[in-house]
Amino acid sequence: VEALKKENFHLKLKIFYMQGEPRWQANAAVLDETVELKIALQERDKDLTDKAHLLVKAREAIDALQRDLDASRAHAKGEADQRKKVADKLTQETHGLADKLRDRESLTDTLQERVRRLEAEKMDALGQMARMHEQLERAHADHQRYVEMVQAKASGEG
C-alpha cells in the first residue's frame, strides 16, 4: 500500500511539472531529468517530514517511558522505605523480646536453683522427721515397757 501511494505521488508530481512548464517540452530529455530530480527532491522532503514526525513521536514515547520509569522508581523507593521501617520495627521488637526471654530464662534459672535448695531442705527435713519418728516410737516403746513394768510391780506388791 505504501509503495502504491509513493508511485501515485510520483506520477502526480510528474504530471504536475509536465503541465506547468510548457517551455521545457522542447527538450524532452532535459524535461524528464528535471521532473525526475524535482520528484526525487519532493520524495526526499516527504521522507524527511515523515522521519521528523516519527522522531517527534519517538521522543514523546521516550519521554512517556521516562516518566513511567521515574514514577515506578519513586513508587519502588516508597515501598522500600516502608519495608525498611517495618523491618526496623520488627528488629526492634525482636531485640525487646530477646531481652525479655533472657530475663525470663535468668528468672527461671534462679527459681530452679531455689526449687533445688527447697527440695534439698525438704529431704533434710523429711530425714529429720523420720529420725524423730523413730525416736518417738522408741520413746513410746520405752514408755510402754516402763508402764508395763510399773503395772507388773504394782500387781506384784499388791
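Me: Let's start with one side chain: what relative accessible area does Asp-81 have?

Reply: Asp-81 counts as partly exposed, a class that lies between buried (under 20% relative accessible area) and exposed (over 50%), with a 1.4 Å probe and protein chains only. This is a predicted model, in which local features need pLDDT of at least 70 and side-chain atom pairs need 80 or more, while totals for chains, interfaces and linings use all residues. Residues are numbered from 1 along each chain as its sequence is written, and side-chain values use heavy atoms, without hydrogens and water. For Asp-81, the relative accessible area is 36%.

Me: Happy with that. Which residue forms a salt bridge with Asp-81?

Reply: A salt bridge here needs a side-chain nitrogen of Lys or Arg within 4 Å of a carboxyl oxygen of Asp or Glu. In this pair the closest N and O atoms are 3.1 Å apart.

Me: How many residues apart are Lys-77 and Asp-81 in the chain?

Reply: Both residues sit in helix 2, where a helix is a DSSP run of H or I with at least four residues, numbered from the N terminus (strands are E runs of at least two). Their spacing means that about one helical turn separates Lys-77 from Asp-81. In residues, the spacing is 4.

Me: Moving to another pair in this helix, what N to O distance joins Asp-63 and Arg-59?

Reply: Asp-63 and Arg-59 are also 4 residues apart in helix 2, so they are separated by about one helical turn. Asp-63 is partly exposed at 31%, and Arg-59 is partly exposed at 47%. Their side chains meet in a salt bridge with an N to O distance of 2.8 Å.

Me: Which residue meets Arg-83 in a salt bridge?

Reply: Arg-83 is exposed, with a relative accessible area of 60%. The N to O distance is 3.9 Å, and the partner is Glu-79.

Me: How many salt bridges does the count come to?

Reply: By the rule used here, the count comes to 9.

Me: How many helices does the protein chain have?

Reply: The secondary structure has 0 strands. Of the 158 residues in the protein chain, buried ones make up 5%. The number of helices is 2.

Me: Finally, which residues make the nonpolar surface patch?

Reply: Patch residues have over 30% relative accessible area and no salt bridge, with nonpolar side chains (Val, Leu, Ile, Met, Phe, Trp, Tyr) joined within 5 Å and like charges within 9 Å. One member, Met-129, belongs to helix 2 and counts as exposed because its relative accessibility is 54%. The patch covers about 320 Å², and its residues are Met-123, Leu-126 and Met-129.

Note on methods:
Accessible areas come from the Shrake-Rupley method with a 1.4 Å probe; for residues, only the protein chains shown count as cover.
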